[in-house]
Amino acid sequence: MTGLRYVYAVCRPFGAALQSQLAGVAGDPPRLLPHGDLVAVVSHVPQADFAEEALRAHLEDLDWLTATARAHQQVVDALTAVTTPLPLRLATVFRDDSGVRVMLEEREAAFRRTLDRLDGRVEWGVKVYVEADPAQQAEPERPAASAPAAPKPVSGRDYLRQRRRQTRANDDLWSRAEEFATGLHTRLSDRADGARLHAPQNPRLSGAAGRNVLNAAYLVARDASEEFVEMVDRTKDDAPGIRVELTGPWAAYSFAGEGEGEGS
Amino acid sequence: MTTPSRLPDPYGQGQSANLADILERVLDKGVVIAGDIKINLLDIELLTIKLRLVVASVDKAKEMGIDWWESDPALSSRARHDELTRENAALRERLRELDPGRVPREAP
């Protein structure tokens, strides 16, 4: 056998069947590799694409990376529908089944601890954006040439007054956004079993409109999820100029690290 | 064994999930295990990866004036270095205030 083993996640044994038409990375449907009390979910992947050098080169190729990331996420997603998976980072690859078994054995205690901590829980992502108000489009970094048709200041004093008005309006929106995001995060954290703040996403990369001021992940029990979602939904119309975006349910990616304490 | 209970319908996920959301999770989160194939994702220019979501290449990005990563310590070793230098200078300054004469003015 020449194929390598790509591992998506580690789970407890589960009875339900995985969604049948899952492609998996490299088109190989995910298989279950049970070992003791744990199951690794793996695909057979070609050496030509997943050996070190090839893999490194592939990861720099956006199309390849996109396809692989989506395939990885799809499998983890399908697992989330039937159990609580512990998702591994993209491109965790072993030579053969026995390599995977050795890994499971060596880390068994830690896996069990983490799986216990995550059991029955999923992750929800909440992002808050400040939407640029057209009336305040004249951001400082904008080149003067493209500034909107605000009345041209006729004097220095006019100019300063105009600037001050603009700054005040911006400051106002920002402080409202900050207050809103802090309040929302506090309320959601109260309802969650864990919360993580991630770096705001760069709008150029996410393609999302507005400026991302809160990018958080919450660990929520499955049976509390409906309530959690409703809570987020209710805040959506609360604040003009501010947009709330919910994603999920995700596997508990943001809470899978072993360093994560219980009380966080 | 876990028996999942009913979950709300997915929000912004599945096929249409924002690539940034997916990459953020599969590249930055999740359990890190050193496999037999040793790839450290941090060695891969994560930055390159992220940038290529919108532009063809880093060079192209710089051309377009997209250089936010250069001042982001998490993304740029140069920014990290600059930050350390700044911090060192600030500390030296502070020491000099506290104990003039014992701290050299400039680092070697």
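V128(A) touches A177(A), F180(A), A181(A), L184(A), V213(A), L214(A), I242(A) and V244(A), leaving out residues up to four places away in sequence; touching, or being in contact, here means that the C-beta atoms of two residues, placed from the backbone, lie within 7 Å. This is a predicted model, in which local features need pLDDT of at least 70 and side-chain atom pairs count only at pLDDT 80 or more, while totals for chains, interfaces and linings use all residues. Residues are numbered from 1 along each chain as its sequence is written, and chains are lettered from A and ligands numbered from 1 in the order in which they are written.

V128(A) also turns up in the largest nonpolar core, a set of 73 residues. Such a core is made of buried Ala, Val, Leu, Ile, Met, Phe, Trp, Tyr and Cys residues joined through C-beta atoms within 7 Å. The residues with the most contacts inside this core are V7(A), A9(A), A40(A), V41(A), L86(A), V128(A) and Y218(A). As a bit of background, nonpolar side chains tend to be buried together in soluble globular proteins.

Now for the overall layout of chain A. Chain A has eight helices and nine strands, where helices (H or I, at least four residues) and strands (E, at least two) are DSSP runs numbered from the N terminus. Of the contacts in chain A with a separation of 6 or more, 77% come from residues 24 or more positions apart. Seven residues of domain 1 of chain A are in contact with seven residues of domain 2 of chain A. On the domain 1 side, helix α3 (residues 62-82) of chain A gives the most, with three residues. That side of domain 1 has five nonpolar, two polar and no charged residues; Ala, Val, Leu, Ile, Met, Phe, Trp, Tyr, Cys and Pro count as nonpolar, Asp, Glu, Lys and Arg as charged, and the others, Gly among them, as polar.

Next come two helices of chain A that pack together. The axes of helix α6 (residues 156-191) and helix α8 (residues 222-235) of chain A come within 11 Å and cross at roughly 170 degrees. Axes are lines fitted to C-alpha atoms, for helices over the stretch in contact, and angles run from 0 to 180 degrees between N-to-C directions. α6(A) and α8(A) are therefore roughly antiparallel (under 35 degrees is roughly parallel, over 145 roughly antiparallel, 65 to 115 roughly perpendicular, and the rest oblique). On α6(A) the contact is made by L184(A), L188(A) and R191(A), and on α8(A) by A224(A), F228(A), M231(A) and T235(A). By class, this contact has five nonpolar, one polar and one charged residues.

What about the two chains together? Their contact takes 60 residues from chain A and 40 residues from chain B. Once again α3(A) gives the most to the chain A side, this time with nine residues. The residues of that side divide into 28 nonpolar, 19 polar and 13 charged. α3(A) packs on helix α1 (residues 19-28) of chain B at about 75 degrees, with the axes 10 Å apart, so α3(A) and α1(B) are roughly perpendicular. Here T66(A), A69(A), R70(A), H72(A) and Q73(A) meet L19(B), I22(B), L23(B) and V26(B). α1(B) is mostly covered, with eight of its 10 residues buried. Just after α1(B), G30(B) takes a positive phi of about 85 degrees.

A91(A) sits between β4 (86-87) and β5 (93-94) of chain A, and counts as buried because it has 25 C-beta neighbours inside 10 Å. Apart from neighbours within four places in sequence, A91(A) is in contact with L55(A), L59(A) and I39(B). A26(A) lies in the loop between β1 (4-11) and β2 (31-35) of chain A. With 18 C-beta neighbours inside 10 Å, A26(A) counts as partly exposed.

Key: Buried ≥ 20, exposed ≤ 12 C-beta atoms within 10 Å, placed from the backbone.
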